[in-house]
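Colleague: I am new to reading charged side chains in a protein. Could you walk me through them, please?

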Amino acid sequence: MEDRRKDLELLEKIAEGSRAAFDRFYEKYAPMVYHIALRIVGDEVEAEDVSHDVFLEILQKPHQFDPKRGSVQAFLAVKTKSRSLDRLRKKRDLLVSRLEEAALTEKGAEFDFLRQLEQQVIIDALTHLPEEQRQAIIHFYFHGETQREIAAAMNKPLGSVKSLIRYGLRNLRKQKELFHWMGAGRGEEQHEA
């Protein structure tokens, strides 16, 4: 309780422009923020940048913290997670390398979270494809249907479905930094029957 009161006092002083209060707040929470960022982005330099962004936001908007909604630690953890995810979304190369690393070494909730993020990135990219290409790729990659099954479902010749998938993948690859992981395990010939 005492710790919570001290945190509130520090934030009030930061809002009044106290540099000393900010320095004390930073010293207290910088290791925690950096650790959370590093766990998500998986890169020390990027984690430092995320930490910088979080504390800059605290300095500029200390009144964002609402004590009715939880502790300062929880507030910082949520903010750090959010800024880390923003950075992963903006730097897709970083996201790809993080996903590849996670696929090789990690299990559990964090890995599941990254897989969900990967799916969201792919879904976002699919919205930029022509409708038939998008449908063919969704049937093929997300539903696991064969090209013959897709041809029947879309009432198209098998060759047209192969072309839709091929052109769809080509268009997705034009969003280049996203899909270098797709080619390896999810090739066009995988479900052909």
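Predicted model: local features only at pLDDT ≥ 70, side-chain atom pairs only at ≥ 80, totals over all residues.

Colleague: What makes a contact count as a salt bridge?

Modeller: A side-chain nitrogen of Lys or Arg has to lie within 4 Å of a carboxyl oxygen of Asp or Glu.

Colleague: Are Arg87 and Glu46 buried or exposed?

Modeller: Both Arg87 and Glu46 are buried.

Colleague: Which residue forms a salt bridge with Lys79?

Modeller: That is Glu57, and the closest N and O atoms of the two are 2.7 Å apart.

Colleague: Why does Lys79 count as buried?

Modeller: The idea is to compare its relative accessible area with a cut-off: buried means under 20%. Lys79 has a relative accessible area of 8%, so Lys79 is buried. Now try Glu57 in the same way: its relative accessibility is 13%, so Glu57 counts as buried.

Colleague: How far apart are N and O in the salt bridge of Asp3 and Lys28?

Modeller: The side chains of Asp3 and Lys28 meet with N to O at 2.6 Å. Here too the pair links distant parts of the chain: Asp3 belongs to helix H1 (residues 2–15) and Lys28 to helix H2 (residues 19–41), 25 residues apart. For accessibility, Asp3 is partly exposed at 36%, and Lys28 is partly exposed at 34%.

Colleague: How many salt bridges does the count come to?

Modeller: By this rule, 12 salt bridges.

Colleague: And which residues gather in a patch of positive charge on the surface?

Modeller: Look for Arg166, Arg170, Arg173 and Lys174, which form this positive surface patch. One of them, Arg173, is found in helix H9 (residues 158–174).

Colleague: Why is Arg173 called partly exposed?

Modeller: Partly exposed is the class between buried, under 20%, and exposed, over 50%. Arg173 has 40% relative accessibility, so Arg173 counts as partly exposed.

How values were computed. Residues numbered from 1 in each chain as written. Heavy atoms only, no water. Patch = residues over 30% accessible without salt bridge, like charges linked within 9 Å, V, L, I, M, F, W, Y side chains within 5 Å. Areas by Shrake-Rupley, 256 points an atom, 1.4 Å probe, with all protein chains shown as cover. Lys, Arg positive; Asp, Glu negative; His and termini not counted. Charge placed at Lys NZ, Arg CZ, Asp CG, Glu CD. Helix = DSSP H or I, 4+ residues; strand = E, 2+ residues; numbered from the N terminus. Buried < 20%, exposed > 50% of the residue type's maximum accessible area, 1.4 Å probe, protein only.
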